[in-house]
Amino acid sequence: MNNPFQPPESSHPQPPIGPPDFTPSNDDRNLALIAHLSGCAGILAGGLLGFIGPLIIYITQKDKSPFAESQAKEALNFQIIASCGALFPIAFVPMVLQIVFGIIAALAVRDGRPYQYPFNLRLFQ
């Protein structure tokens with residue numbers, strides 16, 4: 001019997017970041033942290049410019065750090081989708097979500113755990 005208080009199992013497996021014993025270096029963690037927080041800063045500073053920070057981290061780290069690359073892609077995807085949602089009349093909701101989920105993601109990657117935003121389309125694979 002299914003428990004109605006537990007969410008159903010996801011049919012989308014989370015992609016592995018590395019081997020099971022993979023631990024990102026402090027530099028990788030810091031770059032991932034910057035990717036997520038720069039999305040928040042872009043929203044606070046310029047409205048729809050939250051994607052610029054993650055894009056810069058992705059471009060500079062895509063061949064150097066698998067962890068920073070994956071987290072920058074995750075932040076970039078989320079910022080693009082949320083920015084599109086900000087074009088509608090209820091613009092404050094996506095902006096608040098960008099900031100809240102950006103902080104949650106930053107806390108996760110600070111500890112070396114990969115983070116995947118909920119309700120995110122993976123535009124960059």
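Modeller: Residues 24 or more positions apart account for 66% of the protein's contacts with a separation of 6 or more. A contact here means heavy atoms within 4.5 Å. This is a predicted model, in which local features need pLDDT of at least 70, side-chain atom pairs count only at pLDDT 80 or more, and totals for chains, interfaces and linings use all residues. Residues are numbered from 1 along each chain as its sequence is written, and side-chain values use heavy atoms, with hydrogens and water left out.

The protein has 4 helices and 0 strands. From the N terminus on, the order is α-α-α-α. Helices (H or I, at least four residues) and strands (E, at least two) are DSSP runs, numbered from the N terminus. Of the 125 residues, 38% count as buried. Buried means under 20% relative accessible area, exposed means over 50%, and partly exposed lies in between (1.4 Å probe, protein chains only). The protein exposes about 7,900 Å². Carbon and sulfur atoms supply 67% of that area. Accessible areas come from the Shrake-Rupley method with a 1.4 Å probe; for residues, only the protein chains shown count as cover.

Now the charged pairs. A salt bridge is a side-chain nitrogen of Lys or Arg within 4 Å of a carboxyl oxygen of Asp or Glu. By this rule the model has 3 salt bridges.

Take K73 and E69. Their side chains meet in a salt bridge, at 3.8 Å from N to O. Both residues sit in helix α3, which covers residues 66–85. They are 4 residues apart, about one turn of the helix. Are K73 and E69 buried or exposed? Both are buried.

Next, D111 and its partners. The side chain of R110 forms a salt bridge with that of D111, at 3.6 Å from N to O. R110 counts as partly exposed because its relative accessibility is 47%. D111 is also partly exposed, because its relative accessibility is 40%. R113 and D111 form a salt bridge through their side chains too, at 3.5 Å from N to O. R113 has a relative accessible area of 47%, so it is partly exposed. Through shared partners, the salt bridges join R110, D111 and R113 into one network.
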